[in-house]
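This report goes through the confidence, the sheets, the domains and the chain contact of one model. The sequence and structure come first.

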Amino acid sequence: MSDKPKLALYWAASCGGCEIAVLDIKEKILDVDAFFDVVFWPVAVDFKVKDVEAMDDDEIDLCLFNGAVRTSDNEYMAELLRRKSKILVAFGSCACEGCIPALSNTTTRDATLNWAFADSPSTVNPDRVMPQTRTEVPVGVLELPEFYETVYALDQITDVDYFVPGCPPQAHQIWGVLEAVIDILENAKPLPPKGTVLGAGDKTCCDECPRERKEKKLKGFVRIHEVIPDPDQCLLDQGIVCMGPATRSGCGGLCVGVGVPCRGCYGPAPNSKDQGTKMIAALASVIDSDDPEEIDRILDGIVDPVGTFYRFSMAHATLGPVTVGAGNGNGESEAGS
Amino acid sequence: MTTTTEAPLKPPEVTAAEWRPRIVAFLCNWCSYTGADLAGISRIQWDPSVSIVRVMCSGRMDPTFVAKAFSMGADGVIVSGCHPGDCHYQEGNYKTLRRVHLLKRLIEGFGIDPSRIELVWVSASEGDQWAETANEMAARIRALGPLEVGS
């Protein structure tokens with residue numbers, strides 16, 4: 001083993017996009033390899049979990065952990081890598097905020113499993129065979145991780161040092177973070193305060209949006225497939241629900257630049273904890289009506305407020321996870337949808 | 001650079017027998033708080049399960065406050081401001097009106113009965129109306145029972 005600083009990357013409940021995003025730094029990955037000794041990265045190198053288990057505590061210098069925590073295996077790996085790493089980074093929206101996997105917090109574990117393994121149109125499972133944590137077969141016992149009721153962000157499971165948001169984090173931001181870490185380790189500089197959000201801006205997505213905002217008042221909302229948006233005007237001004245006002249900057253306004261509204265992947269704006277309630281405050285200001293009935297008609301244009309406002313931050317939603325059934329109101333209609 | 005770590009706040013534990021509704025009311029300084037004050041000095045009795053938070057304008061009531069109140073153990077929230085047209089800041093109460101309508105849809109999506117949020121207009125001279133609102137809300141929350149967020 002070399003005496004280079006050790007780097008680990010891991011994916012829990014994620015799509016793999018964050019792994020690709022790391023390679024989007026292109027030839028600079030060679031600089032990363034030159035500086036670090038990659039000791040664990042299931043998607044790219046052939047080290048096993050037992051290799052990590054055999055390490056001393058704090059042996060890994062930097063661990064970039066992407067993916068949410070959905071199963072007992074995800075939780076085990078999160079805690080294992082926490083123990084073995086000096087710096088644990090929640091890398092990408094899933095690890096930071098729950099992201100798309102955490103949208104299943106709008107329904108129950110059973111509804112999720114039923115849909116995935118039995119009821120979806122592309123599934124044939126007449127006996128409704130469901131995954132079991134333990135199955136005895138002639139050759140021995142098979143074990144699967146437990147599937148949790150709720151999807152968690154990494155910091156809800158273990159202690160996290162830094163957060164790198166984004167779905168996925170953009171390549172220039174990733175390189176910025178890696179470059180900073182290399183500089184810190186190489187020159188023994190002090191680390192940023194614990195809990196810092198790295199690789200992102202300090203403003204909202206609107207601040208880096210190239211479009212012109214006139215703060216128009218709206219008589220109705222439209223969905224993106226219903227209109228061809230004007231290329232220069234603010235999308236929200238055009239009645240399209242754009243999460244820009246409630247989302248942290250850092251992406252460079254990628255989506256809004258090509259006529260697609262911001263969906264909120266860089267998470268809540270600085271100094272705010274809850275993206276959805278901030279979005280309500282922003283939207284309420286642009287509705288052009290003082291009449292309760294007309295307001296309701298206008299709001300009918302916002303389909304699925306929970307899924308829209310918390311598309312990437314459901315794990316940290318103040319009111320989440322969604323209560324299904326029970327006496328608190330509805331929620332049943334969400335099940336299986 | 002900003003930090004995101006903060007110790008989670010948890011609602012106090014109570015048994016079913018001890019339970020009484022906890023209602024948080026956000027009242028604007030100019031009309032509704034003065035109205036509630038009038039109810040007090042007029043010695044009108046109202047339900048003690050309502051706790052008042054004074055804000056300068058009902059428009060200061062960030063939807064985040066309501067979400068936080070529910071997550072920390074409130075069973076209901078009242079938002080009250082000046083009557084339409086009477087806002088001390090011209091249009092703060094209209095913003096509140098639109099916010100509360102959207103907020104009700106949001107909490108319904110989270111499986112929380114939207115009637116756990118009540119928006120009323122109470123002027124500085126309507127002490128009796130404030131007491132009535134507080135009592136009605138307390139009765140409604142008693143009927144709905146305790147709220148458990150995120151269960």
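In what order do the five strands of the open sheet in chain A lie? The order is β2-β1-β3-β5-β9, and the pairing is parallel. At the edges of this sheet are β2 (37–40) and β9 (162–164) of chain A, each of which pairs on one side only. From one strand to the next, the twist averages 30°.

The model is predicted, with an ipTM of 0.87 and a pTM of 0.90. For chain B the average pLDDT is 91, and 91% of the residues score at least 70. Residues 1–5 of chain B have a pLDDT below 50; in the model this stretch has 16 contacts beyond near neighbours in sequence.

**Sheets and helices**

Within the sheet of chain A, strand β1 (residues 6–11) and strand β3 (residues 60–66) pair in the parallel sense over five bridges. A:Leu7 is placed opposite A:Leu62 of β3(A). Helix α4 (residues 72–84) of chain A packs on this sheet and touches β1, β3 and β5 (85–91) of chain A. The direction of helix α4 of chain A makes about 140° with that of β5(A).

Chain B has an open sheet of four strands in the order β2-β1-β3-β4, again with parallel pairing. Its edges are β2 (50–55) and β4 (117–121) of chain B; each has a single partner strand, so one side of each is left without a neighbour in the sheet. Direction ignored, neighbouring strands of this sheet are turned by 20° against each other on average. Strand β1 (residues 23–28) of chain B runs parallel to β2(B), and six bridges join the two. B:Leu27 has B:Arg54 in β2(B) as its bridge partner. Helix α4 (residues 127–144) of chain B lies across β1, β2, β3 (76–81) and β4 of chain B, at about 160° to β3(B).

| α4 (residues 72–84) of chain A | β5(A) | about 140° |

**Domains of chain A**

Chain A is divided into domain 1 (6–100 + 150–186), domain 2 (112–149) and domain 3 (201–321). Between domain 1 and domain 2 of chain A, the C-alpha centres lie 29 Å apart. Five residues from domain 1 of chain A and five residues from domain 2 of chain A make up the contact. On the domain 1 side, β4 (69–71) and α4 of chain A each supply at least two residues. By class, that side has no nonpolar, three polar and two charged residues.

A:Val227 is in the loop between α7 (171–186) and α8 (254–257) of chain A. Why does A:Val227 count as partly exposed? The reason is that A:Val227 has 13 C-beta neighbours inside 10 Å, while a residue is exposed at 12 or fewer and buried at 20 or more. Leaving out residues up to four places away in sequence, A:Val227 touches A:Val222 and A:Gln238. The C-alpha atom of A:Val227 is separated by 30 Å from that of A:Ala317, which is 90 residues apart along the chain.

**Contact between the chains**

The contact involves 38 residues of chain B and 40 residues of chain A. On the chain B side, α2 (63–71) and α3 (92–109) of chain B each supply at least two residues. α3(B) gives the most to that side, with 13 residues.

Note on methods. Residues are numbered from 1 along each chain as its sequence is written. Chains are lettered from A and ligands numbered from 1 in the order in which they are written. This is a predicted model: local features need pLDDT of at least 70, side-chain atom pairs count only at pLDDT 80 or more; totals for chains, interfaces and linings use all residues. pLDDT is the predictor's confidence in each residue, from 0 to 100. Two residues are in contact if their C-beta atoms, placed from the backbone, lie within 7 Å. Two strands pair if DSSP finds at least two bridges between them. Axes are lines fitted to C-alpha atoms, for helices over the stretch in contact, and angles run from 0 to 180 degrees between N-to-C directions. Domain bounds come from an automatic or database domain assignment. Ala, Val, Leu, Ile, Met, Phe, Trp, Tyr, Cys and Pro count as nonpolar, Asp, Glu, Lys and Arg as charged, and the others, Gly among them, as polar.
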